[in-house]
Amino acid sequence: MRKNKLLIRSFIFLLLAINCTLIQAQVKVQVATQVTNKSIYWTPGMSVILNAERAEIFCTTHKSRTIDIELSIISKNEDRKTAESDLKKMKFLNETKGNKLYLRNYIELARNESKPGSALKVIYNIKIPENCPIEIHDYFGKITVKNLLSELKINSEYTPIELNQVAGKITVNTLFGDVNASSLKGQTYIESIRSNISIFNLEGMIKLKSSVAEIHLTGLEKAKGIRVEAEKSMINLNFIDLSDFAFLFQLNHSELTKPEELVLKYSKNEKDDIKASFNTSGKQPQVNINLNFGTLKIQ
């Protein structure tokens, strides 16, 4: 008897689950979209400053002497009228002051108007001249930058970052946003908190300051200098020929894995504190690693 009751209850729960699934499947998400296009004439010395939130930002370069912007605002809601009404609450500002072009998206509410109940997203597609500097601020979004030859600054939170074929001076500050990059040239500085960093094909110099990260650097044959300051992190460095570089290690409560040919000269070698060097007598590019509570692997 008890077994039959359990079977009946299980059957009822199954019917309820199927019914809920069918109801959810019948609810269609309504999408409202607004697209804005702008083209601004660019003169040498002019830069772009973009302040965004919940935005997917795609920035690349072109041969034209214009800054071209395609902005898409997307509103999603089960009710179409609500989606369309909330779409109008997202505003886009572009203004030029001196030699700076300011871009921004923001929520604007009339008096006693309710906050948007829809899921709002903004997508920027930006094309700029190769030598146009750009500064990007984004929160809870995504940033992709390609083929830039000038200065790039990024300040972001909860935003993954992808860089490809970027030269010049690069500065990135990221919180909870992984950085994936390839073909970086010039001077690169990355400061990260709880953000993994993966870089392939590095030319020029790089300085990383990280907390709680997995760091992978490969394709380092043309690197001019590497400096990593990290804590609670895993660092993996890949070299083709170790003799092309000079190494300085300062490791505290950290584990070191290295090939046999990397014969270190120790200035301090205690249980939880290591200071060592390799190949520092010449003029090779320097690899300087300062690590607290982590692992360092050299290949």
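**Surface patch, cavity and pocket**

In this predicted model, F140 sits in the loop that joins β8 (134-139) to β9 (142-148).

Student: Why is F140 called partly exposed?

Tutor: Partly exposed covers the range between under 20% (buried) and over 50% (exposed). F140 has 44% relative accessibility, so F140 counts as partly exposed.

Student: What makes the nonpolar surface patch that F140 belongs to?

Tutor: F140, Y158 and F176 make this patch, with an area of about 300 Å². A patch residue needs over 30% relative accessible area, and F140 is at 44%.

Student: How do you know where empty space is left?

Tutor: A probe the size of a water molecule is rolled over the atoms, and this shows the empty space.

Student: How many cavities of 30 Å³ or more does the structure hold, and what lines the largest cavity?

Tutor: There is 1 cavity of 30 Å³ or more, and the volume of the largest cavity is about 40 Å³. Its lining consists of L220, E221, N238, F239, I240, D241, D244 and F245. By class, these are 4 nonpolar, 1 polar and 3 charged residues.

Student: Why is a pocket not called a cavity?

Tutor: In a cavity the probe fits but cannot get out, whereas a pocket is open, so the two names are kept apart. The largest pocket here has a volume of about 210 Å³. Of its 15 lining residues, M205, I206, K207, G225 and R227 are the closest to the centre.

Student: Which strand gives the largest share of the lining of the largest pocket?

Tutor: That is β18, with 4 residues. By class, the lining of the largest pocket has 5 nonpolar, 6 polar and 4 charged residues.

Methods: Residues are numbered from 1 along each chain as its sequence is written. This is a predicted model: local features need pLDDT of at least 70, side-chain atom pairs count only at pLDDT 80 or more; totals for chains, interfaces and linings use all residues. Side-chain values use heavy atoms; hydrogens and water are left out. Patches are made of residues with over 30% relative accessible area and no salt bridge: like charges are joined within 9 Å, nonpolar side chains (Val, Leu, Ile, Met, Phe, Trp, Tyr) within 5 Å. Accessible areas come from the Shrake-Rupley method with a 1.4 Å probe; for residues, only the protein chains shown count as cover. A salt bridge is a side-chain nitrogen of Lys or Arg within 4 Å of a carboxyl oxygen of Asp or Glu. Helices (H or I, at least four residues) and strands (E, at least two) are DSSP runs, numbered from the N terminus. Buried means under 20% relative accessible area, exposed over 50%, partly exposed in between (1.4 Å probe, protein chains only). On a 1 Å grid over the protein atoms alone, a cavity is a set of points where a 1.4 Å probe fits but cannot get out, and a pocket is an open set with protein on both sides within 12 Å along at least five of seven lines; lining residues have an atom within 4 Å of a point. Grid points are joined across faces, edges and corners, and a volume is the space filled by probe spheres set on the points. Ala, Val, Leu, Ile, Met, Phe, Trp, Tyr, Cys and Pro count as nonpolar, Asp, Glu, Lys and Arg as charged, and the others, Gly among them, as polar.
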